[in-house]
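Have the structure open while you read.

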Amino acid sequence: MLQFLKDEGVEFLFGYPGGAVLHIYDAIYKQDDVKHILVRHEQGATHMADGYARATGKPGVVLVTSGPGATNAVTGIATAHMDSIPLVVITGQVPTHAIGMDAFQEVDCVGITRPCVKHNYLVKDVHDLAITLKKAFHVATSGRPGPVVIDIPKDVTHPDIKIPYEYPQEVRMRSYSPVQKGHTGQMKKALELILSAERPMIYTGGGVVLDDASEELRTFARSLGYPTTNTLMGLGAFPGTDSQFVGMLGMHGTYEANMAMHHCDVLIGIGARFDDRVVGDVKKFCPHAKIVHIDIDPSSISKTVKVDVPIVGPVGSVLREMNAMINATNRRPDAQALEAWWNRIREWQSIDCLRYEQSDTCIKPQFVLQKLYEITEGDAFITSDVGQHQMWAAQFYPFDKPRRWINSGGLGTMGFGLPAAMGVQFAYPDAKVACVTGEGSIVMCIQELSTAKQYGLPVKVVNLNNRYLGMVRQWQEFMYESRESHSYLDSLPDFAALAESFGHVGMTIESPGDVESALEEAFAMEDRLVFMDFITDPTENVFPMMMQGKGHHEMLLSEMCRDRELA
Amino acid sequence: MRHIISLLLENEPGALCRVANLFSARGFNIESLSVAATEDPSVSRMTLVTGGSDDVIEQITKQLNKLVDVVRLTDITESAHVEREMMLIKVRATGEGREEMKRVCDIFRGRILDVGETTYIIELIGDSAKIDAFIDTVDDRLILEVVRSGSMGIGRGDRMLRV
Ligand SMILES: Cc1cc2nc3c(=O)[nH]c(=O)nc-3n(C[C@H](O)[C@H](O)[C@H](O)COP(=O)(O)OP(=O)(O)OC[C@H]3O[C@@H](n4cnc5c(N)ncnc54)[C@H](O)[C@@H]3O)c2cc1C
Ligand SMILES: Cc1ncc(C[n+]2csc(CCOP(=O)(O)OP(=O)(O)O)c2C)c(N)n1
Ligand SMILES: [Mg+2]
């Protein structure tokens, strides 16, 4: 197995030992090609591998033991599954003869993980091991990527079994053949529609990141001059500072992006899955638009929203072909209509929907993120946990490059941020990596601070400490008449001291005047993990917001923006 | 609408679970499901009967196709096809009812497989509608046990589902 992983080009194995994988650990001990990273909790291992995969595009590889090792990994597997991230997760299993006997540390791992993997395998014969590993890597990384679990009974890895090994160069699976190329006829049809648009909108998502197709997207969008919005998963696929970029769309997207969605006449969806946090009320979604949708997964198409021109294929290849078609025709979009459309969008933009009230006494979370952006010159890898801080990071840190914004969008897994940041730092040891988190989320995988110490990872933790499960509190304020049922976090630790106890640098920042200097100081410590505990305004809410059951044109704006709302 | 979907599955442990899982996880309904090996030991063939709007059926076929163990799939209700289901039904057959039961069985072209002192076991083959009709015809109180195979189907003529 270790030889295979080496041949497959695996750099890191994020894992945690236990009885069922001890043979494998013994093999790990005897080699140093594949670096094993000892985590502190199996969830941490999966998120670390996931962060590594999101930052590099390569599959993240995990090794855990049977039973509790496998169940602890499930949250991380499901997280990767929802966001289509390639992982190969190797789980130990009790020996084949003991399967089904309620043996010590036995769980039906294949059964437990089946609903949250792209595919999984149980290897019962060592002769199948190499080819199954190869299939796992192939399935995880091709088509619409996703996690693959391989469950390996302990006897299969027994050191006494010796069989000849040859690296399987290729793998053929008659039941699995992802689309390689889009349908040219459909592309022509789409282009016809796209070029005849008067109020076009490009809506792109994680698929562009996954396919490393940012360049193709830029060419496409620029040659048309159309407004472009990204989903939470797509941020960075189109430059966040580009003049054609109108911000994120959806529940906490910008006013202009959502208004443009509502009023557009042609919507071009690219590698995005019309998620409910993006669509809002399906009945009110893009009421005037014909919809083109490019996606590699046919089941993403017309799943929630009926589309007019579907194109099944990898975004990169489809956009390359469509860009060539645009080049080859002298038809251009109606410049006058487009100008008028941009004027409307600029008017929506003038509301400045992300404005917030600055304070001299109390740290505003948005302000911390703006300073983080300045100090890192917009060029850091930012991971986040889940909650208000995640939305503010998405809103206030414009990403110009893909794979820089790393967060759990589909599952929304609190605890993801810190291990994911560590995974990124393993891949890019010299890069600036920051984890934007909240005091609620960070404790869900806080144990990984110990792993970070062991491997000397200089991650910067930006804890936006509002003493609340802020996102929950916000919903309670808006929808439950401010009945704050169990959203206040009592008895929080002294985070700076906690970080210090793990051997890191801890800081507590309580005044807005200290935000910038703290960040500067922290990023100057290039070889240390610095935990910055920012004590922020507990009452701040994320705006704008599309409430449940509302359409894109019915966003709730912050009070200071409300008076300027336009029709 | 009622749809009959035929699938060729890799003959792997767990393949059946994946299909069943998909239906429960996504809230699709299954009317019946039957599966067995084929002449090719590496694949098994499954017939799934389901219902739903066109959009739902489209999602069902797309989601099934996405399963790595599904080799090929077709919705045979989209064109001419043959559908058969088999039922074994044990009925109370006493006194005058005994003769009457045999008559009903003959009308439906069923066969009596077992003649008990007070019971018959009847074998009936046909499409599901015919089997439903038989059950409706027989007095509920006389039905003792019902075993249905679930539908199987196959496309007519040159339409074939092969690896
Ligand atoms: C607290 C919270 C708030 C949120 N609020 C928002 C919000 O306001 N706005 C928002 O946008 N999201 C929001 N989300 C995230 C949301 O839940 C979804 O995760 C996200 O919208 C999905 O993004 P996506 O459509 O880009 O799909 P992804 O999950 O990234 O899926 C990628 C799509 O691309 C396709 N694809 C993959 N590879 C390729 C390829 N090679 N070629 C072509 N297609 C490919 C896939 O089939 C899939 O359809 C929020 C999440 C949380 C936790
Ligand atoms: C594992 C997990 N449990 C529960 C939730 C539901 N949830 C979403 S946001 C949130 C609050 C997060 O609090 P915190 O990390 O402090 O972030 P804040 O919203 O305050 O910025 C909760 C509980 C979740 N997303 N993940
Ligand atoms: Mg909080």
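## Around ligand 2

Ligand 2 has 17 residues around it, and A:Gln388, A:Gly412, A:Ser441, A:Tyr468 and A:Gly470 come nearest; a residue counts as near if one of its heavy atoms lies within 4 Å. This is a predicted model, where local features need pLDDT of at least 70 and side-chain atom pairs 80 or more, while totals for chains, interfaces and linings use all residues. Residues are numbered from 1 along each chain as its sequence is written, chains are lettered from A and ligands numbered from 1 in the order written, and side-chain values use heavy atoms, leaving out hydrogens and water.

Now for the polar contacts (pairs of N or O atoms within 3.5 Å). A polar backbone atom of A:Tyr468 sits 2.8 Å from an oxygen atom of ligand 2. On its own, ligand 2 has 590 Å² of accessible area, and the protein covers 76% of it (Shrake-Rupley method, 1.4 Å probe). Helices α15 (388–396), α17 (439–442) and α19 (470–479) of chain A each give two or more residues to the shell, helices being DSSP runs of H or I with at least four residues.

## Around ligand 1

Ligand 1 is surrounded by 36 residues, with A:Gly206, A:Thr231, A:His252, A:Arg273 and A:Asp295 the closest. Backbone N or O atoms approach ligand 1 oxygens at 2.8 Å from A:His252 and at 3.1 Å from A:Gly271. A:Asp275 has a polar side-chain atom 3.3 Å from an oxygen of ligand 1.

The protein buries 97% of the 990 Å² that ligand 1 exposes when taken alone. α8 (206–210), α11 (276–279) and α15 of chain A each give two or more residues to the shell, and α8(A) gives the most, with 3.

## A:Thr79 in its helix

A:Thr79 belongs to helix α4 (residues 68–82) of chain A. A:Thr79 counts as buried because its relative accessibility is 0%, and buried means under 20% relative accessible area. Beyond neighbours within four places in sequence, its contacts (heavy atoms within 4.5 Å) include A:His47, A:Asp50, A:Ser408 and A:Phe416.

For A:Cys264, the nearest cysteine sulfur is that of A:Cys286, 4.3 Å away. The closest cysteine sulfur to A:Cys435 is in A:Cys445, at 10 Å, too far for a bond. A:Cys264 is buried at 0% relative accessible area, and A:Cys435 is buried at 0%.

Definitions and conventions: Polar contact = N/O pair within 3.5 Å; in protein donor to acceptor, adjacent residues only side chain to side chain. Buried < 20%, exposed > 50% of the residue type's maximum accessible area, 1.4 Å probe, protein only. Disulfide = S-S within 2.5 Å.
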